[in-house]
Amino acid sequence: DIDKYVSEKIPFVSIDRYFSKNITYVSSNNFEGGRLAAEKLSELGCEKIAYIGRGSKINNATRKRKDGFISYCEENGVNYEICELLGSAEEFNKILDRFIIDNFKDDIKIQGIFAVTDEQAIDFINKLDKYNIKVPQEVQVIGFDGSKSSVNDTIKISTIRQPIELIAEKAVNSLIDIINNKNTEKEIILPITYINGSTTKR
């Protein structure tokens with residue numbers, strides 16, 4: 001647990017996790033990312049959509065992705081479901097397997113999925129593949145992260161992309177300013193973008 005080591009007296013910048021109003025915090029706009037994912041799935045013709053995600057029990061910015069998703073759905077009358085667990089991967093896999101059996105195996109009741117990360121989006125697509133469910137023809141999937149593991153990678157998943165390079169740059173610059181006793185913004189929220197990949201209809 002890092003909390004007990006975090007002090008305002010130590011130069012410290014947090015990425016994607018809020019500690020206190022006095023600790024500088026850098027993040028992408030997770031809330032707007034969740035809204036954008038729901039909006040895109042709705043625009044792409046999905047009658048019912050769902051958020052799926054496994055998260056840490058420690059409160060962090062990624063939870064705002066679900067909040068944004070729900071916000072868009074509630075405001076626009078979009079039919080939605082939530083499949084979430086704050087806990088172990090093993091527990092979440094059991095819940096997700098049941099969610100797939102109930103909503104996809106015999107009859108596709110949900111046409112669009114927003115996964116909290118690209119990694120979880122890929123896991124979900126692999127699970128659908130076991131039931132011969134086609135992505136994006138039958139179910140469309142959007143992830144969140146949009147980061148590349150190398151310069152030569154192409155992003156195949158439709159995703160909400162965080163400005164990873166800019167997040168790193170802002171965090172480093174803020175830390176240098178703190179060390180040099182300069183005033184710094186306490187909350188730096190950076191814009192997200194939608195990347196159209198092969199897991200949604202074009």
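Why does Asp145 count as buried? And what is around it?

Guide: Asp145 counts as buried because its relative accessibility is 19%, and buried means under 20% relative accessible area, with exposed over 50% and partly exposed in between (1.4 Å probe, protein chains only). Before going on, a word on the ground rules: this is a predicted model, where local features need pLDDT of at least 70, side-chain atom pairs count only at pLDDT 80 or more, and totals for chains, interfaces and linings use all residues. Residues are numbered from 1 along each chain as its sequence is written, and side-chain values use heavy atoms, with hydrogens and water left out.

Now, back to your aspartate. Asp145 sits in strand β6, residues 140–145; helices (H or I, at least four residues) and strands (E, at least two) are DSSP runs, numbered from the N terminus. Setting aside neighbours within four places in sequence, Asp145 touches Arg65, Thr117, Asp118, Thr159, Ile160, Arg161 and Gln162, where contact means heavy atoms within 4.5 Å.

While you're here, have a look at another strand, β3 (residues 48–55), which has seven of its eight residues buried. β3 pairs in the parallel sense with β4 (residues 79–86) over eight bridges, and also with β5 (residues 112–115), again parallel, over four bridges; strands pair if DSSP finds at least two bridges between them.
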